[in-house]
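The sequence and the model may be consulted alongside the text.

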Amino acid sequence: MRKALAILTALGTAGAVALAGSIYIGNESEHKHMEKAQIGLDRAVSIALQQVQGKVLEAGLENENGYLVYGVEILKPDGTVADVKVDAGTGKVLRVDLDKDEHGEEREGIED
């Protein structure tokens with residue numbers, strides 16, 4: 001947690017971090033490249049739940065900045081929603097985005 005907070009502090013409130021996965025698909029739809037995923041949806045969900053505990057709201061393949069990833073939305077026990085990006089090729093958690101806090105500010109966490 002401290003590491004993620006330190007990274008966020010260094011990045012500033014914008015927190016813009018380019019996401020780079022292992023399977024590049026450019027501007028094409030993730031549906032055209034489903035067969036390229038090296039891990040399945042169930043495995044991606046399991047990996048995401050190891051990173052963020054809670055209830056899965058939605059999960060599926062996405063084109064994130066030209067890379068094939070799984071997006072797993074998880075409702076955390078504190079009521080916030082985390083969007084965990086899991087690399088469809090390696091299974092590595094690439095990024096965890098958190099919803100807005102009670103003040104309307106976006107909270108964002110980054111996996112090392």
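Apart from its neighbours within four places in sequence, Tyr-70 is in contact with Ala-37, Ile-39, Gly-40, Leu-41, Ala-44, Gly-60, Leu-61, Val-84, Lys-85, Val-86 and Ala-88, where contact means heavy atoms within 4.5 Å. The model is predicted: local features need pLDDT of at least 70 and side-chain atom pairs count only at pLDDT 80 or more, whereas totals for chains, interfaces and linings use all residues. Residues are numbered from 1 along each chain as its sequence is written, and side-chain values use heavy atoms, with hydrogens and water left out.

Tyr-70 is also one of the residues with the most contacts inside the largest nonpolar core, which has 21 residues; Leu-68, Val-84, Val-86, Ala-88 and Val-96 are the others named. Helix H2 (41-51) and strands S2 (67-75), S3 (81-87) and S4 each give two or more residues to this core. A nonpolar core is a set of buried Ala, Val, Leu, Ile, Met, Phe, Trp, Tyr and Cys residues joined through side-chain atoms within 4.5 Å.

## The chain as a whole

The protein chain has two helices and five strands, in the order α-α-β-β-β-β-β along the sequence. These elements are DSSP runs numbered from the N terminus (helices: H or I, at least four residues; strands: E, at least two). Of the 112 residues, 40% are buried. Buried means under 20% relative accessible area, exposed over 50%, and partly exposed in between, with a 1.4 Å probe and protein chains only.

## Individual residues

| Residue | Relative accessible area | Class |
|---|---|---|
| Arg-95 | 12% | buried |
| Asn-65 | 52% | exposed |
| Tyr-24 | 54% | exposed |

Arg-95 lies in strand S4 (residues 93-100), and its side chain is joined to that of Asp-97 by a polar contact of 2.7 Å. Asn-65 belongs to the loop between strand S1 (55-64) and S2. Its phi is near 55 degrees, a positive value in a residue other than glycine. Most residues other than glycine have a negative phi.

The structure holds one aromatic pair. The ring centres of Tyr-24 and Tyr-67 are 5.3 Å apart and their planes lie at 70 degrees, so the pair is edge-to-face. Tyr-24 lies in the loop between helix H1 (2-11) and H2 and Tyr-67 in strand S2, so the pair ties together parts 43 residues apart in sequence.

Conventions:
A polar contact is a pair of N or O atoms within 3.5 Å; within protein, one must be able to donate a hydrogen and the other to accept it, and residues adjacent in sequence count only if both atoms are side-chain atoms. Rings of Phe, Tyr and Trp (its six-membered ring) pair if their centres lie within 6.5 Å; planes under 30 degrees apart count as stacked, over 60 as edge-to-face and the rest as tilted.
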